[in-house]
Amino acid sequence: MTANNHSSQSLLKREATCSLPTEWGKFTMVGYTELANNKDHVALYMGDITTPEPVLLRVHSECLTGDAFFSQKCDCGPQLEAAFKMIQAEGRGVIIYLRQEGRGIGLINKIKAYHLQDQGLDTVEANLALHLPIDARNFQLAKDILDDLNINEVKLMTNNPNKIDTLKDSGINVVERIPVIIETNPNNEKYIQTKKNKLHHLFDD
Ligand SMILES: [Zn+2]
């Protein structure tokens with residue numbers, strides 16, 4: 001860790017650590033509390049992350065419907081699963097799981113936005129109709145967690161080039177982008193098209 005990584009004080013407090021056996025191997029889980037609002041966030045890591053080689057990283061924002069309920073409205077669940085599998089294959093990596101439901105608008109607003117999507121709006125139009133930001137996530141939290149884990153260089157698992165810029169702006173050294181390949185289904189085709197066309201996500205075939 002270099003001194004210039006500490007331009008500001010951490011938004012988080014490290015609270016607790018445990019081991020977490022998963023379907024994709026044994027991880028260590030570290031829990032943090034966001035000082036401003038008491039929200040909790042976690043990092044899961046596998047392998048020796050203290051060596052200087054860039055670390056495989058997924059920064060995943062909570063999606064209750066996709067991550068826990070297997071919703072087919074989005075691709076969050078399969079992306080999270082793909083990240084676990086890639087880390088297992090490499091034997092080393094980190095998943096930062098930020099509790100920023102619905103791109104930061106919260107669960108109830110997300111349900112309202114889904115209701116508008118039921119009526120034909122896309123994910124961007126629905127947020128605008130509700131006077132909500134299209135993206136209210138704070139990726140400084142990810143930077144603070146990486147600082148806490150003493151990680152300087154990452155290979156980011158994402159399809160979203162904006163996320164690379166956002167993370168770079170927050171001070172994270174992204175040396176490589178690893179595409180996350182997932183299959184579409186009839187229910188999320190429109191959502192993924194919107195991500196591609198309006199949010200400029202990349203989907204490699
Ligand atoms: Zn989702």
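What pattern does the chain follow, read along the sequence?

## Overall architecture

Read along the sequence, the predicted chain follows the pattern β-β-β-β-α-α-β-α-α-α-β-α-β-α. The chain holds 7 helices and 7 strands, where helices (H or I, at least four residues) and strands (E, at least two) are DSSP runs numbered from the N terminus. The radius of gyration of the chain is 17 Å, close to the 17 Å that the globule rule gives for 205 residues, so the chain is as compact as a globular protein of that length. This radius is taken over C-alpha atoms, and the globule rule is 2.2 Å times the number of residues to the power 0.38.

Along the principal axes, the C-alpha atoms fill a box of roughly 50 × 35 × 30 Å. Of the 205 residues, 47% are buried (buried means under 20% relative accessible area, exposed over 50% and partly exposed in between, with a 1.4 Å probe and protein chains only). Among contacts (heavy atoms within 4.5 Å) between residues at least 6 apart in sequence, 63% join residues at least 24 apart.

## Basis of the model

This is a predicted model, in which local features need pLDDT of at least 70 and side-chain atom pairs count only at pLDDT 80 or more, while totals for chains, interfaces and linings use all residues. Residues are numbered from 1 along each chain as its sequence is written, and side-chain values use heavy atoms, with hydrogens and water left out.

Strand E5 (93-98) is mostly covered, with 6 of its 6 residues buried. Gly93, Ile95 and Tyr97 point one way from E5, whereas Val94, Ile96 and Leu98 point the other way.

E5 pairs with E3 in the antiparallel sense over 5 bridges; two strands pair if DSSP finds at least two bridges between them. In this arrangement, valine 42 stands opposite tyrosine 97 in E5. E4 and E5 run parallel and are joined by 5 bridges, and the partner of serine 61 in E5 is leucine 98.

## The β-α-β unit

Strand E6 (residues 153-157) and strand E7 (residues 173-178) pair in the parallel sense over 5 bridges. Glutamate 153 has asparagine 173 of E7 as its bridge partner. Together with helix H6 (residues 161-169), E6 and E7 make a right-handed β-α-β unit. Right-handed here denotes that, with the strands pointing away from the viewer, the path from the first strand over the helix to the second runs clockwise.

## Nonpolar cores

A nonpolar core is a set of buried Ala, Val, Leu, Ile, Met, Phe, Trp, Tyr and Cys residues joined through side-chain atoms within 4.5 Å. The largest has 25 residues, of which Val94, Ile96 and Leu149 touch the most other members. Elements giving two or more residues to this core include strand E2 (25-34), strand E3 (40-46) and strand E4 (55-61). Helix H5 gives the most, with 4 residues. Apart from this core lies another, of 22 residues, among them Phe27, Leu80, Ile95 and Ile178.

## Zinc site and a buried asparagine

The zinc ion is coordinated at 2.2 Å by Cys63 (SG), Cys74 (SG) and Cys76 (SG). These donors follow the spacing C-x10-C-x1-C along the chain. Donors are N, O and S atoms within 2.8 Å of the metal (3.2 Å for Na, K and Ca); water is not among the atoms, so sites may look incomplete. Cysteine 74 and cysteine 76 are both buried.

Asparagine 127 lies in helix H4 (residues 123-129) and is buried, with a relative accessible area of 3%. Not counting residues up to four places away in sequence, asparagine 127 touches Arg103, Ile105, Ala113, Leu132, Pro133 and Ile134.
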